[in-house]
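Hello,

Here is the structure we talked about. My notes follow below it.

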Amino acid sequence: VMCGMKQTIFFLITKDDIGGAQKYVKDLVENLDKEKFNIKILTGKKDVKFLSNAFRPYLFFINDLAAIIELFFIFRKEKPDIVHLNSSKAGVIGALAGKLAGVPKIVFTAHGWVFGPDNKLSFLRRKFYILLHKIAAKYQDKIINVSEYDRQLALKHKIAPHEKLFTVYNGISDISFLNKQESRKALSKAANYNLSASGPMTDIWVGSVGRLVVEKDQGTFIKAAALINNLAVKFFVIGSGPEKKYLQSLIASNQLQNKFYILEDITPAAPYLKALDLFVLSSIKEGLPYTMLEAMAAKLPIVVTRVGGMPEIINGRGLVMPPKEPEELARAISHFLQNKEEAQKAATEANKFLNENLTLERMIKETEKIYLL
C-alpha cells in the first residue's frame with residue numbers, strides 16, 4: 001500500500017488502567033498492519049482532560065459536554081479516517097464528537113454492554129444507558145461486540161440495526177507460563193503463606209484474576225469458599241481495586257484468613273496461572289474476559305457465571321453457574337475437585353477451542369476487515 005493510502009486511526013478509551021478494554025486497545029495498536037494504518041491513542045484525563053468514567057447527572061453532565069467539545073477540536077485538527085471508540089462513556093462522547101467533526105468512519109467496541117441484565121443498576125439508570133447507546137449508535141458506523149451474547153443483547157434492546165453489529169471474539173497470543181512449582185513459590189511469597197509448613201505442592205489451589213470491582217463480584221467467590229470444607233483447598237484472587245476492604249472484611253467474617261488470599265501488584269498475572277488447579281470467575285458483568293482466555297491457555301479447569309460471553313465459550317468445556325449464588329458456585333468447584341478426570345477433559349477441550357478460535361491473529365484480521373468495509 002502506498003504511503004498516501006495509509007488510513008489514520010484514533011483509538012479513544014476512558015481510562016488507561018489495567019482492564020480488558022485497555023488490553024484490547026493495546027493489542028490492536030501493537031499488531032495492526034503498520035503499512036495500512038497510522039495509529040494514535042487518546043485516553044481520558046491524559047489526552048482528553050474532561051473524559052472520565054464519573055457519572056455526574058447533577059451537574060447536567062457538564063464534564064461530558066466539555067469532553068465532546070475537546071474531542072471535536074482534536075478530530076477537526078487531526079482529521080483521522082477512523083475513530084475506534086472503547087468502553088461506554090468513550091463510545092457515546094466519541095460518537096457525538098466524531099459526527100460533529102465529520103470523521104468518515106466511527107467504530108465502537110462494546111466490551112460487555114453496561115445495561116446487561118445481571119449488572120447492578122437501578123431501573124432508571126439502565127433505561128438511561130440504553131437510551132444513550134441508541135443515540136450514540138446512530139453516529140457509529142460499525143459496532144463490534146466481543147461475544148455473540150452482546151450482539152444479541154444489542155438487537156434485543158434495538159441499539160442498532162443488525163447490519164451495523166458484528167461479533168469479533170477477543171483473542172490472545174502465546175503466553176510463557178511459569179511451571180507449577182515456580183509460580184506457587186512466587187505467589188506464596190506474595191501471600192505470606194508459609195508453603196513449607198503445609199506441603200504446598202499437595203494443596204489444592206482455586207483462584208481468580210480480576211480487578212476488585214463490583215462487576216467482578218469476588219464476594220460471591222469468597223462466600224462459596226466458606227462452603228467448601230476441604231482443608232487442603234486454598235483460595236486466591238489476584239487483583240487490586242476499590243472493593244478490597246469489603247472483600248477483606250468478608251474473608252474475616254467467614255473465618256477464611258488462612259485459606260483465602262488477595263494478592264495485589266502481580267501484573268501481568270497470566271504467567272502464574274499454572275499455580276492453580278481450578279480457575280473461577282464469579283462476575284455479574286463481563287464482555288469476553290481475557291483472564292478466562294488465559295486460564296484456557298494454561299489448560300486449567302474453569303468455572304464461570306452465566307454472564308456476557310462466558311457461557312458461549314465455556315459451555316461443555318467447563319462449568320457455567322448462575323451469578324450471585326455462592327451455593328451453586330461452591331457446588332461446581334467441589335464437583336470439579338472431586339472429578340479430576342472430567343475436569344481435565346474439560347480443560348483440554350477449552351484449550352483446543354482457544355487455539356482454533358480465540359487467537360490474537362484472527363481478532364486482528366477480523367477487525368481490519370471491519371475497518372475496510
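Which residues of helix α5 (residues 148-156) are buried? They are D150, R151, L153 and A154. Buried means under 20% relative accessible area with a 1.4 Å probe, protein chains only. Helices are DSSP runs of H or I with at least four residues, strands are runs of E with at least two, and both are numbered from the N terminus.

Some ground rules. This is a predicted model, where local features need pLDDT of at least 70, side-chain atom pairs count only at pLDDT 80 or more, and totals for chains, interfaces and linings use all residues. Residues are numbered from 1 along each chain as its sequence is written, and side-chain values use heavy atoms, with hydrogens and water left out.

Back to α5. Seen down the axis of α5, its buried residues fall within an arc of 160 degrees, so they line one face of the helix. The arc is taken over directions from the helix axis to the C-beta atoms. Their cover includes β4 (105-110), β5 (142-145) and β6 (165-167), with contact meaning heavy atoms within 4.5 Å. After α5 comes K158, with a positive phi near 55 degrees.

Next, the strands. β8 (residues 233-238) pairs with β9 in the parallel sense over four bridges; pairing takes at least two DSSP bridges. V237 has I262 in β9 as its bridge partner. Strand β9 (residues 260-263) is covered on both faces. F260 and I262 are buried on one side, Y261 and L263 on the other.

Best wishes

Notes:
Buried means under 20% relative accessible area, exposed over 50%, partly exposed in between (1.4 Å probe, protein chains only).
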